[in-house]
Amino acid sequence: QRELSIAGTKARELKYTAKDKPLSVYCVVFEQDEGVFLFEGAALAQRFKDAVGDFSKAVRSFKRIDKEDRTARDAELATMSEQDRFLQDVIDKLPPGWKHFRSKRYQFIYDADEGFVKQLAERIEVMRDEYERLYPPDRPIDAVSIVRVCKNEEEYAGYGGPSGSGGYWNWVERELVFPDSRPREKRLLVCNHEAFHQYIYYFYGMLSPHSWYNEGTGDYFAGAKLTKSNRITSYYTAPAEEYNRLPIIKEGARLLAEGKSGKDGAAAPLREIMGFSQREYYGGKGYSGIMCYAEGWATVHMLREAKGPDEKWKKILPDYLQNLLAARHQIATELMEKDVAKYEKDKKAFDSGDEDAPSEPPKEPSREPKDYYVRASTEKQDEVQDLAYKKTFGDWTDADWAKFQTFFLKYVE
């Protein structure tokens, strides 16, 4: 490490290599009255030497700016609802050249062709009606969702867009992010998929279903066939070549029926993939992520569109979601009970002046399980999903799974 001066501000530069992964990290730390600010860039260790130059150039572009007097603006924001204040704060921070407008249920912020943004707005509102038809909320969802449209792929990457993705749901910032790139029809297909993730986020409050359900349903919506007036007529696989799941799952299902494994390119048995965590779905169980995406789409399509399915299978989609909610409540209750037990133990020790008592009186935790839903959905996501899987399929026999998979293989064929 060494000391630096950037724009008249003292800073400390550090470089280190991670012990548990092949990454090296470049950091510059600025200690200010308002707090400690950190610039961090990471690269593969073998490429780090070249990357350091880019990181250093970026951090040396920092400049000091006069602090704005926000007294009046903060007072105005304080009169708004929490949602309006959040949206207005996003608008206030837009870079020069960016525009904004609000549709019925979405706040658009964009540095892109206005005609395309309006087209995107029309499409997303139509899909939102479809989400609400298939997943009717038990109370109105009044949250206005943010959609950020970047002028090109480079700007999109600057907002965290994964290379080649065409759009993604940034749950941390609560934004759908898209590039304005051609062919635009592909962006609309991605919108159908990613907007579902955003909807389910607000529908369940940060609770994610298993990937076969979450990604499979997103791909199901990506395959919506629409007229020029944006009326949905049917569902099939997405027409764009890179999003077409059908040939992939046809080959994977054929190999599965022949008894082949993931290393041979086969799809996973339904009994397994419907319990995969996100990591496992992306290749962690020996089945390729591309194949798992295709199988997730085919499974959801079958459960929604197949003719003459078993009555037991018709209940999978609705029952699973109810079991997911029940699983979250159960895990949240367990978290609450642990926090309450710890509080009571610490309080007893503090009140009696024990030697190992906390130095400050412990803060009493909430005794409402719903106040632990966010922790259950994030810290314990895999446990919640595993419990939902057991609640949904716990009474299924080997014969049930065999019958289900046979129907699936025939449906794909």
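What percentage of the 413 residues of the chain count as buried? The figure is 45%. The model is predicted, and burial here means under 20% relative accessible area.

Start with the whole chain. There are 16 helices and eleven strands. The C-alpha atoms fill a box of roughly 70 × 65 × 50 Å along the principal axes. Among contacts with a separation of 6 or more, 60% join residues 24 or more positions apart.

Now the surface and the charges. The chain carries 64 positive and 71 negative side chains. The centres of these two sets lie 3 Å apart.

An α-helix has 3.6 residues a turn, so residues three or four places apart point the same way.

Helix H15 spans residues 381-393. From first C-alpha to last, its 13 residues reach 18 Å, close to the 18 Å expected at 1.5 Å a residue. Buried in H15 are Val384, Gln385, Leu387, Ala388, Tyr389, Thr392 and Phe393. Here the packing partners are helices. The buried residues of H15 pack against H9 (270-273), H13 (316-352), H14 (373-378) and H16 (398-412).

Methods:
Residues are numbered from 1 along each chain as its sequence is written. This is a predicted model: local features need pLDDT of at least 70, side-chain atom pairs count only at pLDDT 80 or more; totals for chains, interfaces and linings use all residues. Side-chain values use heavy atoms; hydrogens and water are left out. Helices (H or I, at least four residues) and strands (E, at least two) are DSSP runs, numbered from the N terminus. The expected span of a helix is 1.5 Å times one less than its number of residues. Buried means under 20% relative accessible area, exposed over 50%, partly exposed in between (1.4 Å probe, protein chains only). Contact means heavy atoms within 4.5 Å. Lys and Arg count as positive and Asp and Glu as negative; His and the chain ends are not counted. The place of a charge is taken as NZ of Lys, CZ of Arg, CG of Asp or CD of Glu.
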